[in-house]
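Me: I am new to this structure and would like to learn how to read it. Could you take me through some features, with the general idea before each case?

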Amino acid sequence: MRIPTAIRASQRSPLLQVVKSAAATIAAWLIAGWVFPAQLPVFAAIAALLVVQPSVNQSLSKALERSIGVIAGVVIAVGLGLLFGSPSWIVLLAIVVAMLVAWIFRASPGTGNQVAISAMLVLALGSSSPEYAFARIVETLIGVAIGIVVNALIVPPVLVAPARRDVGHIRRCAPRPSAARRHAVGTPSPAGAAPAVRRHRDRR
């Protein structure tokens, strides 16, 4: 049975990218766990893993998306927890409310999913107290910061390979100028240049 092409890339990601993602995730887990020893630093590890992208610009975009999504999701979870307590169905309600809020504010698909996931994790893994919510926000920001630093310091990625490939393709496919076109733009032929050379010699 062949693996569907939808879950396979045309080529593997650079091994360095895998190492950077792993390093950022481990560092975020250790540092956030040291800052908040009472809870597993899941939010920090996920944030660092998602923020490490093939380019620094993409990392910054993902960091902003992750931060806004977590903050919004945590606020929704805390609000619903304070209103309805902690029944099991409140997790489903939080997911629906988070998706509706993201739709109302025209959030990107990634940000909208992040809002819903954060609200679900806060209610499923912890509590809806303001202290817990604040700790998860700070934990996420720690992971985001570590992901950005690791991605920027360890061989900052520059996506020049696709540009070089496209330029080479254009050069190969571009038609070469014909003799008639060179003549039309005023390129002198050897026969036409001979009288001009003789006149230049006569003036000397």
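Reply: Gladly! Helices are DSSP runs of H or I with at least four residues, strands are runs of E with at least two, and both are numbered from the N terminus. This is a predicted model, where local features need pLDDT of at least 70, side-chain atom pairs count only at pLDDT 80 or more, and totals for chains, interfaces and linings use all residues. Residues are numbered from 1 along each chain as its sequence is written, and side-chain values use heavy atoms, leaving out hydrogens and water. As a case, S118 is found in helix α5.

Me: Is S118 buried or exposed, and which residues does S118 touch?

Reply: Buried means under 20% relative accessible area, exposed means over 50%, and partly exposed lies in between (1.4 Å probe, protein chains only). S118 is buried because its relative accessible area is 1%. Contact means heavy atoms within 4.5 Å. Leaving aside residues up to four places away in sequence, S118 touches F43, G69, V70 and G73.

Me: F43 belongs to helix α2. Which helices do the buried residues of α2 pack against?

Reply: Helix α2 covers residues 42–51, and its buried residues are F43, A44, A45, A47, A48 and V51. They pack against α1 (15–35), α3 (56–84), α5 (109–125) and α6 (130–153).

Me: How do I read a nonpolar core, and which residues have the most contacts inside the largest one?

Reply: In soluble globular proteins, nonpolar side chains tend to be buried together. A nonpolar core is a set of buried Ala, Val, Leu, Ile, Met, Phe, Trp, Tyr and Cys residues joined through side-chain atoms within 4.5 Å. The largest here has 20 residues, and V74, A98, V122 and L123 have the most contacts inside it. The elements giving two or more residues to this core are α3, α4 (90–104), α5 and α6. A second, separate core of eleven residues includes A32, F36, A48 and V150.

Me: How many aromatic pairs does a search of the whole structure find?

Reply: Rings of Phe, Tyr and Trp (its six-membered ring) pair if their centres lie within 6.5 Å; planes under 30 degrees apart count as stacked, over 60 as edge-to-face and the rest as tilted. The search finds one pair. F84 and W89 form this edge-to-face pair, 5.8 Å centre to centre with 65° between the planes. F84 counts as partly exposed because its relative accessibility is 42%, and W89 counts as partly exposed at 45%.
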